[in-house]
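Work through the exercises below with the model open. Each task is followed by a solution in steps.

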Amino acid sequence: MAFDLVIRGGHVVDGSGREPVQADVACVGDRIVEVGRIGERGHEEIDAEGQVVTPGFIDGHTHFDAQVFWDPRGVNSCWQGVTTAVMGNCGFTLAPVESEARALVVRNLERAEDIDPKVLAEGIPWSWETFPEYLDAIDALPKSIHYAANLGHSALRTWAMGERAFEETANEDDLAKMAHQLEASLRAGAIGFTTSRSEHHETSDDRPVASRLASWSELHHLVGVMSRLGVGLLEGGTENILSPDPEIQAETWREVRHIAVDLGVPITAGIIATESGGRKMLDQIDRLAAEGGRLIGQSHCRGISVLLSFLTRMPFDRLPEWNALRARPIEEQKRVLADPETRTRLAEIAMNGDYSAWRGIGAMPREPDYDGIRIYANGLPPNPTVRAVADERGVSPARAMIDLAVESEFDQLFIQPSLYPQDESVLLDVLRHPGTVMTFSDSGAHLSQIADASIQTYLLGHWVRDRQAFTLAEGVRMLTRDPAEAWGFHDRGLVREGMAADLNVFDPEKIGPSVPEIVADLPGGGQRLAQKAEGFAATIVGGQVTIREGESTDARPGRLLRKGMSGR
């Protein structure tokens, strides 16, 4: 047999959880055709001696819905070994949309997903109205990774109801229109339906996103479409299942149970491993399973942290004296802060400012916690706190942050701790639970706020290599077979004959995320956080090398993975 690609001499960690075995891997087209000792040469060869060969990583929670139109590579996920990304989560999609009402769809995205409407206006060639038309548009794009798409509730509701979507419950005509579009979308290959009831999801005009206005009966009506067709997962809707209000908690459980058990539709939702709620959420997963339903918990591996910088946002920005400075061009801010006396004065204002009026919804900066904010010096822990560095320098924490920013030409990043800090022992319990999948990167959203596309390499570098909480085989399984099974990608997630030729080749002693940097390469010159990784020799998608020694190639073998009723 003539092989297109042979990866030779690596240690194959096949995604099953079994220990590595030394073997060659041969591919023809976009399929793996042989694993073992291969004598015949391939048209292209990769020397993997001293490296491991794994399936490509699968991320079940991204927001690439807009970015895919201006970024064929799929950054930052492509740098972290991700070869398949599920987008359209939390109810946010770009379709369906009425041509004259695109601003309503954008309104759902601007604040909740930190996507500048100017970027959307310049970067998206709006050519669709229905969700099936949107899928066709995605299908036609050049792509370096594969995508699967959910239909979002907020977009669906806004399309069906217009401005009323942000104000009213749906009437019978609205429900019929939404249900018809959802069915058409599932038949065209949508992987599922997503929603949100989270208080952190607001529009740019301080209102709840459209899905938060939906009644439970509306959600049941729509999920009933998936139940009738026998396809799709529901993402979201469980946000209040651990509410401190016992009535809301009981109501949420009742409605979630109806969806998962009575309607038979699997649910997937985020699980934050806090000391107070992490294990309780695991109990809910087990409780639902005992009753015949399925809830797939989407776990993180380090806690969702917002990145601060003087090029983007800082906690001081809303203080009146700081606001006047921050409104000026960046180069002028640098000149002003170059004066030590000015830095001293503004540092005192920052230390003593009144932050009480700032709500800090979602990923927005909030009142600074100098014992919690860390200086992003290393891709993996440890990173020092601002307080520790300030003490070393003999200055206030605010002054330390200003000095570091000035010394780095404003490039220095600071890690604002999560609103919901994860307890390490709880986090490990969550990561080990059979009902959870390590995902939840939010890639494609929060472009200047969060850089969590690197959770895959963080898991391998921190929890597998440095902490040895998991074996390499376990860590790889968590990133490959587990999400493949959860989202129904039956032809990927394993290094086996007949499976998709989506593969990673990396050095397990070097794998890990790089420190992010801020770049201005979005449509219209908008800024985003860019984060690469260390240790990759190659990433292969569809049998073609897309990343070689950390650099992107020109190969664009990615596909839209149509699921549901499409038969494709």
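**Exercise 1. Find which helix and which strand each supply at least two residues to the lining of the largest pocket, then describe that lining by class.**

Solution. The model is a predicted one.
Step 1: the elements are strand S11 (267-271) and helix H8 (278-290), each with at least two lining residues.
Step 2: the lining has 46 residues, and those nearest the pocket centre are Ser 198, His 200, Glu 239, Ile 272 and Tyr 420.
Step 3: by class, the lining divides into 21 polar, 17 nonpolar and eight charged residues.
Step 4: the space in this largest pocket is about 1300 Å³.

**Exercise 2. Decide whether Arg 366 has a salt bridge or none, and list what its side chain reaches instead.**

Solution. 
Step 1: Arg 366 sits in the loop between helix H11 (340-352) and strand S14 (374-375), and it is buried.
Step 2: look for opposite charge. The nearest such side chain is that of Asp 369, at 6.9 Å. A salt bridge requires the side-chain nitrogen to be within 4 Å of a carboxyl oxygen, and Arg 366 has none.
Step 3: turn to the backbone. The Arg 366 side chain reaches the backbone oxygen of Pro 417 at 2.4 Å, and one of its polar atoms lies 3.5 Å from the backbone oxygen of Ser 418.

**Exercise 3. Locate two cis peptide bonds and two residues with positive phi other than glycine.**

Solution. 
Step 1: recall the background. Most peptide bonds are trans, and most residues other than glycine have a negative phi.
Step 2: the bond from Val 75 to Asn 76 is cis, with omega near 5 degrees. Asn 76 is in the loop between strand S6 (57-59) and strand S7 (82-87).
Step 3: Ala 95 and Pro 96 are also joined by a cis bond, with omega about 0 degrees. Pro 96 is in the loop between S7 and helix H1 (102-110).
Step 4: Phe 410 has a phi of about 75 degrees. Its relative accessible area is 1%, so Phe 410 counts as buried.
Step 5: Gln 468 has a phi near 55 degrees. With a relative accessible area of 65%, Gln 468 is exposed.

Terms used
Residues are numbered from 1 along each chain as its sequence is written. This is a predicted model: local features need pLDDT of at least 70, side-chain atom pairs count only at pLDDT 80 or more; totals for chains, interfaces and linings use all residues. Side-chain values use heavy atoms; hydrogens and water are left out. Helices (H or I, at least four residues) and strands (E, at least two) are DSSP runs, numbered from the N terminus. Buried means under 20% relative accessible area, exposed over 50%, partly exposed in between (1.4 Å probe, protein chains only). Lys and Arg count as positive and Asp and Glu as negative; His and the chain ends are not counted. A polar contact is a pair of N or O atoms within 3.5 Å; within protein, one must be able to donate a hydrogen and the other to accept it, and residues adjacent in sequence count only if both atoms are side-chain atoms. On a 1 Å grid over the protein atoms alone, a cavity is a set of points where a 1.4 Å probe fits but cannot get out, and a pocket is an open set with protein on both sides within 12 Å along at least five of seven lines; lining residues have an atom within 4 Å of a point. Grid points are joined across faces, edges and corners, and a volume is the space filled by probe spheres set on the points. Ala, Val, Leu, Ile, Met, Phe, Trp, Tyr, Cys and Pro count as nonpolar, Asp, Glu, Lys and Arg as charged, and the others, Gly among them, as polar.
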